[in-house]
Amino acid sequence: MARHKGRGFHSRLIGAALGVTALAAATSVWTAQADTTTAKKPTAQTSQQPKVTKVAADIAHASEAGERGVNLTIDDGPDPNWTPQVLQLLKENGVKATFCMVGTQAKAYPDLVKAVVADGHRLCDHTISHDTAMDQKPESYQSQQILDAERMITEASGGVRPEYYRAPGGAFTPYSRQLAASHGMRPLGWNVDSRDFERPGTDTMVATVKREIANGPTILFHDAGGDRSQTVATLREILPWLKEQGYTFSFPVR
């Protein structure tokens with residue numbers, strides 16, 4: 001899986017993470033730039049949280065719907081401009097998707113997280129600050145990124161936990177996969193990269209999806225991180241086309 005480099009969105013997320021976590025300092029010792037030599041590991045779960053069942057730790061690519069299933073995955077949000085547009089398109093086409101949310105974004109826009117859940121979509125933990133080099137960082141840092149994001153998303157949703165974990169840029173490690181799985185979050189990969197973060201043009205993105213869908217069912221799009229008008233336009237064209245080809249929209253295996 002190719003890493004997504006060079007996105008200014010990542011640096012802005014890291015800045016946002018610092019601001020959000022600073023506000024939450026009274027309730028959490030973790031920050032997105034935590035000193036991993038002194039920080040304590042976050043609590044796995046409190047007595048108020050529902051018990052979680054460990055899932056498989058290998059990276060999922062397949063669909064619950066089988067060979068003709070398609071898993072639409074939407075990363076980096078929620079975003080107040082683009083997420084509602086994506087949700088509206090999905091509703092118009094009767095499509096369910098998996099939203100891989102950044103913790104600070106979820107904390108900033110809890111109403112959008114709730115709207116995603118209310119429409120029947122699934123949640124995925126996409127860390128706090130979208131650090132595509134987190135596989136090179138200490139395990140304590142990986143824990144902070146994953147578990148604090150899990151908490152933020154769960155709180156923003158009103159108690160609905162993320163069912164998957166997607167490492168930024170595919171920066172998984174054996175440790176992060178096992179940690180996520182122990183919290184009931186299946187590590188989630190992708191088969192088709194629309195490369196919408198590069199904004200190559202709607203026609204190019206549509207052609208990419210049509211060409212690469214034979215590689216597997218899980219398609220990667222984004223609803224945050226900049227201008228996503230091309231993403232919206234591509235979804236408007238590609239969702240009906242996939243249905244015409246006999247594909248069924250579903251969720252990744254867990």
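How many residues has helix H8 (residues 229-244), and what distance does H8 reach from its first C-alpha to its last? Helix H8 has 16 residues and reaches 24 Å between those two atoms, close to the 22 Å expected at 1.5 Å a residue; the expected span is 1.5 Å times one less than the number of residues.

This is a predicted model, in which local features need pLDDT of at least 70 and side-chain atom pairs count only at pLDDT 80 or more, while totals for chains, interfaces and linings use all residues. Residues are numbered from 1 along each chain as its sequence is written, and side-chain values use heavy atoms, with hydrogens and water left out.

**Figure 1. Overview of the protein.** The secondary structure comes to 8 helices and 8 strands; helices (H or I, at least four residues) and strands (E, at least two) are DSSP runs, numbered from the N terminus. Of the 254 residues, 56% count as buried, where buried means under 20% relative accessible area, exposed over 50%, and partly exposed in between (1.4 Å probe, protein chains only). The accessible surface comes to about 10,300 Å², of which 50% belongs to carbon and sulfur atoms. Accessible areas come from the Shrake-Rupley method with a 1.4 Å probe, and for residues only the protein chains shown count as cover. Among contacts (heavy atoms within 4.5 Å) between residues at least 6 apart in sequence, 77% join residues at least 24 apart.

**Figure 2. Packing of helix H8.** The buried residues of H8 are Gln230, Thr231, Val232, Thr234, Leu235, Ile238, Leu239, Trp241 and Leu242. These buried residues pack against strand S1 (69-75), helix H2 (82-93), helix H7, strand S7 (218-222) and strand S8 (248-250). After H8 comes glycine 246, with a positive phi near 90°.

**Figure 3. Surroundings of methionine 205.** Methionine 205 lies in helix H7 (residues 202-212) and is buried, with a relative accessible area of 0%. Leaving aside residues up to four places away in sequence, methionine 205 touches Ser194, Asp196, Pro200, Phe221, Gln230, Thr231 and Thr234. Gln230, Thr231 and Thr234 are among the buried residues of H8. The C-alpha of methionine 205 is separated by 9.3 Å from that of isoleucine 238, 33 residues apart along the chain.

**Figure 4. Cysteine 100 and cysteine 124.** Which cysteine sulfur is closest to the sulfur of cysteine 100? The closest is in cysteine 124, at 3.1 Å, too far for a bond. A disulfide is a pair of cysteine sulfur atoms within 2.5 Å, and a search of the whole structure finds 0 of them. Cysteine 100 is buried at 0% relative accessibility, and cysteine 124 is buried at 0% as well.

Figure 5. Most residues other than glycine have a negative phi, and most peptide bonds are trans. Glycine 77 and proline 78 are joined by a cis peptide bond, with omega about 5°; proline 78 is in the loop between S1 and H2. Histidine 130 is not a glycine, yet has a positive phi of about 55°. Histidine 130 lies in the loop between strand S3 (122-125) and helix H5 (139-157) and is buried, with a relative accessible area of 2%. Arginine 199, also not a glycine, has a positive phi of about 50°. Arginine 199 is in the loop between strand S6 (192-193) and H7, and counts as partly exposed at 39% relative accessibility.
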